[in-house]
Amino acid sequence: MTVLNTTCRTAAFMLVTWLFLQPTVAQDRQALEIGAALPTADRTMQNATGAATSFSQQKGDRGLAVVFWSNTCPWVAKYEDRVIALAREYMAAGIGFVIANANDPGAYPEEGAQAIQQHASTKGYPFPYLVDEGSEAAKAFGASRTPQVFLFDTNDRLVYEGTVDDSPSDAAQVEEEYFRDAMNQLIAGTAISVQKTKAFGCTIKFY
Amino acid sequence: MLNRSSTLYSCLLLAALLTLAACGGPDSGELVIKPVSAEELIEEVRAADADLVVVNFWASWCVPCREEFPEFVRYRRESDPGDIRVHFVTVDFEEDLPFAAQFLRENGVGGTTFVKNGKEGPFINAINPAWSGAVPATAVYDRDGNRLAFWEGKVTYDQLVRRVNEARQAS
């Protein structure tokens, strides 16, 4: 009995210690490593149009770009026109484009399916805008920001992850176009010179 | 007579204290949002002439920033300015600065606060290469501008006090 009590007290002490040591601030998720396979490739997700699709179905002949998105994030708003322009240009060159909203609409209704549909329609997105229910894709990708870019090659291997360029707030000040450069190099079949950058943006509000 | 004198004394004392608070507090004076680069911000930290300087990075559109902000305002007011100073740095985009100013006023913040100047990347990396850029984020500096602590995410008042104390002890 004494041994049991001692064991129990020790276990309780260890549990309390462990709980005490847990970080009080949510840590960043670790994004996929370069070379990692496209996660949740065949998972069916709802498009803003109401149709069901998957990342695999959206792949282009030259690869696939997945960008995690938001209807309300000011950083996304800053990048919106730039991403639309890049999509128009590179979809024509054979890279599939999708954006995905992984924010919890329970806590943030303006990120829900209806708002997504309205947003895609108003903005005339040239790419599917997917509802990532349960944040399953974002969690599998290790995404933590909006916007955050993941670029995959034709073998579904990650070749670039991070931001669009080096000047979120002012398109006129852009000096480094990381996403464009990566797509150019992917199409050219050359090595991706910058494979990872810091994705500045809003945090994803996970389910 | 005694009662009247006591009442008068109390009123004068209260008025004096309120005047002192209004004139000398960290939030006295007209609200100014001063653009700073990361290097200029560190100069401001050194110029604060306090043992520790807490710098809170926030944005008017950021819900957790807005939620924790009153805790920092309270901490700023309750701290001895020679010991601890609290600076606010918004990372709002230029067009959102009126919202930032409105939010600061609603929280009773006056005097000089700051806004990030220039490109986000160099600013964020100069403040802390490990900073993802997410807000809220908070840094604690010593009087020489050395960063003692840094964290991302919302904290409560008690957590803030504890983390600043931990930073002090670790220095």
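This is a predicted model: local features need pLDDT of at least 70, side-chain atom pairs count only at pLDDT 80 or more; totals for chains, interfaces and linings use all residues.
Biologist: How many residues of chain A are in contact with chain B?

Modeller: By class, the side of chain A that touches chain B holds five nonpolar, five polar and four charged residues. Chain B contributes 14 residues to the contact, and the number from chain A is 14.

Biologist: In what order do the seven strands of the open sheet in chain A lie?

Modeller: Strand S2 (52-53) and strand S8 (158-162) of chain A each have a single partner strand, so one side of each is left without a neighbour in the sheet. These two strands therefore stand at the edges. The pairing is mixed, and the order is S2-S1-S5-S4-S3-S7-S8.

Biologist: In which sense do strands S3 and S7 of chain A pair, parallel or antiparallel?

Modeller: Strands of a sheet pair through backbone hydrogen bonds, in one sense or the other. Within this sheet, Val66(A) has Phe150(A) of S7(A) as its bridge partner. Strand S3 (residues 63-68) and strand S7 (residues 148-152) of chain A are joined over five bridges, and their sense is antiparallel.

Biologist: What angle does the direction of helix H6 of chain A make with that of S8(A)?

Modeller: Helix H4 (residues 113-123) of chain A packs on the sheet against strands S1, S4 and S5 of chain A, and its direction makes about 180 degrees with that of S5(A). Helix H6 (residues 178-188) of chain A also packs on the sheet, where it touches S3, S4, S7 and S8 of chain A. Its angle with S8(A) is about 175 degrees.

Biologist: Which strands stand at the edges of the sheet in chain B?

Modeller: Chain B has six helices and six strands. An open sheet of six strands, with mixed pairing, runs in the order S1-S4-S3-S2-S5-S6. The strands that pair on one side only are strand S1 (32-36) and strand S6 (147-152) of chain B.

Biologist: Over how many bridges do S2(B) and S5(B) pair?

Modeller: Phe57(B) stands opposite Ala137(B) in S5(B). The two strands pair in the antiparallel sense, and the number of bridges is six.

Biologist: Which residues have the most contacts inside the largest nonpolar core?

Modeller: In soluble globular proteins, nonpolar side chains tend to be buried together. The core here has 93 residues, and its largest share, seven residues, comes from helix H3 (residues 74-91) of chain A. Among the residues in contact with Ala100(A), leaving aside its neighbours within four places in sequence, are Val66(A), Phe68(A) and Leu130(A). The residues with the most contacts inside the core are Ala100(A), Leu151(A) and Val135(B).

Biologist: Where is Pro136(B) found?

Modeller: Most peptide bonds are trans. The bond from Val135(B) to Pro136(B) is cis, with omega near 5 degrees. Pro136(B) is found in the loop between helix H5 (120-127) and S5 of chain B.

Biologist: Is Asp49(B) buried or exposed?

Modeller: Most residues other than glycine have a negative phi. Phi of Asp49(B), by contrast, is positive, near 55 degrees, and the residue is found in the loop between helix H2 (38-47) and S2 of chain B. Because Asp49(B) has 11 C-beta neighbours inside 10 Å, it counts as exposed.

How values were computed:
Residues are numbered from 1 along each chain as its sequence is written. Chains are lettered from A and ligands numbered from 1 in the order in which they are written. Two residues are in contact if their C-beta atoms, placed from the backbone, lie within 7 Å. Ala, Val, Leu, Ile, Met, Phe, Trp, Tyr, Cys and Pro count as nonpolar, Asp, Glu, Lys and Arg as charged, and the others, Gly among them, as polar. Helices (H or I, at least four residues) and strands (E, at least two) are DSSP runs, numbered from the N terminus. Two strands pair if DSSP finds at least two bridges between them. Axes are lines fitted to C-alpha atoms, for helices over the stretch in contact, and angles run from 0 to 180 degrees between N-to-C directions. A nonpolar core is a set of buried Ala, Val, Leu, Ile, Met, Phe, Trp, Tyr and Cys residues joined through C-beta atoms within 7 Å. A residue is buried if 20 or more other C-beta atoms lie within 10 Å of its own, exposed if 12 or fewer, and partly exposed in between; C-beta atoms are placed from the backbone.
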